[in-house]
Amino acid sequence: MEKPKENIDEYIAGFPEDVQQKLQLVRATIRAAAPDAEEAIKYAIPTFILNGNLVHFGGFKNHIGFYPAPQGLEEFKEELSGYKGAKGSVQFPLDEPMPLDLITKIVKFRVQKNLEKAKKKK
């Protein structure tokens, strides 16, 4: 069994070059939308953390999985309707351009929700 990746650079390095480029693009988009978030590997995939898990993403054979939690998908379900997905995930096909504007909007929405949640806890 392959040992788990320790950071996002290691994770991305395990993919073919064309997929690496798309994963780096998604990572940079999330980083720009949530500059205060920390990077980690959780559930064996790249994760951004800001007052709890913000979003996860991961590379697969035919798509990049994006996991903004169910509320992040619910809020944007019309814009995401062209993509496959499940309750807390959406699949962006590798043979299509990554929807970076949509990823940005979803991440900013999740940042706002996590910050609101943190304020309520105080």
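Throughout these exercises, a residue is buried when its relative accessible area is under 20%, exposed when that area is over 50%, and partly exposed in between, with a 1.4 Å probe and protein chains only. The structure is a predicted model, in which local features need pLDDT of at least 70 and side-chain atom pairs count only at pLDDT 80 or more, while totals for chains, interfaces and linings use all residues. Residues are numbered from 1 along each chain as its sequence is written, and side-chain values use heavy atoms, with hydrogens and water left out.

**Exercise 1. Find which residues of helix α2 are buried and which exposed residues lie on the face turned away from them.**

Helices (H or I, at least four residues) and strands (E, at least two) are DSSP runs, numbered from the N terminus. The expected span of a helix is 1.5 Å times one less than its number of residues. For the 17 residues of α2, residues 17–33, this gives 24 Å, and the end C-alpha atoms are 24 Å apart, which agrees.

The buried residues of α2 are V19, K22, L23, V26, R27, T29, I30 and A33. They cover an arc of only 160 degrees around the axis, which puts them on the same side of α2; the arc is that of the directions from the helix axis to the C-beta atoms. An α-helix has 3.6 residues a turn, so residues three or four places apart point the same way. The face turned away from this buried side carries the exposed residues E17, Q21 and A32.

With contact meaning heavy atoms within 4.5 Å, the cover over the buried residues of α2 includes α1 (8–13), β1 (38–42), β2 (45–49), β3 (53–59), β4 (63–67) and α4 (100–121). T29, placed in α2, counts as buried at 10% relative accessibility. Its contacts, leaving aside neighbours within four places in sequence, are L100, I103 and T104.

**Exercise 2. Describe the span of α4, its buried residues and what covers them.**

Helix α4 has 22 residues and reaches 31 Å from its first C-alpha to its last, close to the 32 Å expected at 1.5 Å a residue. Its buried residues are L102, I103, I106, V107, F109, R110, V111, N114 and A118. Their cover includes α2, β3, β4, α3 (69–74) and β6. For V107, leaving aside neighbours within four places in sequence, the contacts are I30, A33, A34, L54, V55 and F66.

**Exercise 3. Identify the residues with the most contacts inside the largest nonpolar core, and the element that gives this core its largest share.**

A nonpolar core is a set of buried Ala, Val, Leu, Ile, Met, Phe, Trp, Tyr and Cys residues joined through side-chain atoms within 4.5 Å. The largest such core has 32 residues, and those with the most contacts inside it are I30, F66 and V107. The elements that give two or more residues to this core are α1, α2, β2, β3, β4, β6 and α4, and the largest share, 6 residues, comes from α4. In soluble globular proteins, nonpolar side chains tend to be buried together.

**Exercise 4. Classify the aromatic pairs F48–F57 and F66–F92 by the angle between their planes.**

Rings of Phe, Tyr and Trp (its six-membered ring) pair if their centres lie within 6.5 Å; planes under 30 degrees apart count as stacked, over 60 as edge-to-face and the rest as tilted. By this rule the count comes to 5 aromatic pairs. F48 and F57 are stacked, at 6.4 Å centre to centre with 25 degrees between the planes, and both F48 and F57 are buried.

F66 and F92 are tilted, at 6.0 Å centre to centre with 35 degrees between the planes. This pair links distant parts of the chain, since F66 is in strand β4 and F92 in strand β6 (residues 89–93), 26 residues apart. F66 is buried with a relative accessible area of 0%, and F92 is buried at 1%. Ring pairs link F66, Y83 and F92 into a cluster.

**Exercise 5. Work out how β1 and β2 pair, and what phi A44 has in the loop between them.**

Two strands pair if DSSP finds at least two bridges between them. β1 and β2 pair in the antiparallel sense over 5 bridges, with K42 standing opposite I45 in β2. The two strands form a hairpin with 2 residues between them, and Y43 in the turn has a positive phi of about 55 degrees.

A44 lies in the loop between β1 and β2; its phi is near 65 degrees, a positive value in a residue other than glycine, and at 54% relative accessibility A44 counts as exposed. N51, in the loop between β2 and β3, also has a positive phi, near 55 degrees, and counts as partly exposed at 43% relative accessibility. Most residues other than glycine have a negative phi.
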